[in-house]
Amino acid sequence: MTKEEIFKELKAVLVKSFLLDEDDITLEADLYADLDFDSIDAIDLAAKIHNVTGKQLKPEQFKGVRTIGDAVDVIEQLMN
């Protein structure tokens, strides 16, 4: 998958599962400051990523994720 495809898929998950406004989801959007995520939401997102990719995210892989772009990068690494 390309980064663009990963972003598109992640955006769909965020809109559907977290009821976020599609316009708020950009690569620069901070999960915590801009999208009001908390630690439980981050765990839920990691589980959703697992459902989409079939790959388990290790906590240390997701620890540095602050923005949507960071999440896309982690998913890309998982897929390759």
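Predicted model: local features only at pLDDT ≥ 70, side-chain atom pairs only at ≥ 80, totals over all residues.
Trainee: Which helix gives the most to the lining of the largest pocket?

Mentor: The largest pocket holds about 180 Å³ of space, and its lining includes A42, I43, P59 and F62. Helices α2 (39-53) and α3 each supply at least two residues of that lining. The greatest contribution, four residues, comes from α2.

Trainee: How many residues of the lining of the largest pocket are nonpolar, polar and charged?

Mentor: The lining consists of A42, I43, A46, A47, Q56, L57, K58, P59, F62 and K63. Lys counts as charged, so K58 and K63 belong to that class. The division is seven nonpolar, one polar and two charged.

Trainee: Why does E9 count as partly exposed?

Mentor: E9 lies in helix α1. Buried means under 20% relative accessible area and exposed means over 50%, so a value in between is partly exposed. E9 falls in this class because its relative accessibility is 36%.

Trainee: Leaving aside neighbours within four places in sequence, with which residues is E9 in contact?

Mentor: The C-alpha atoms of E9 and N80, 71 residues apart along the chain, are separated by 16 Å. Beyond the sequence neighbours within four places, the contacts of E9 are with M1 and V52.

Notes: Residues numbered from 1 in each chain as written. Heavy atoms only, no water. 1 Å grid on protein atoms, 1.4 Å probe; cavity = no way out; pocket = protein on both sides within 12 Å on 5 of 7 lines; lining within 4 Å. Points joined across faces, edges and corners; volume = space filled by probe spheres on them. Buried < 20%, exposed > 50% of the residue type's maximum accessible area, 1.4 Å probe, protein only. Contact = heavy atoms within 4.5 Å.
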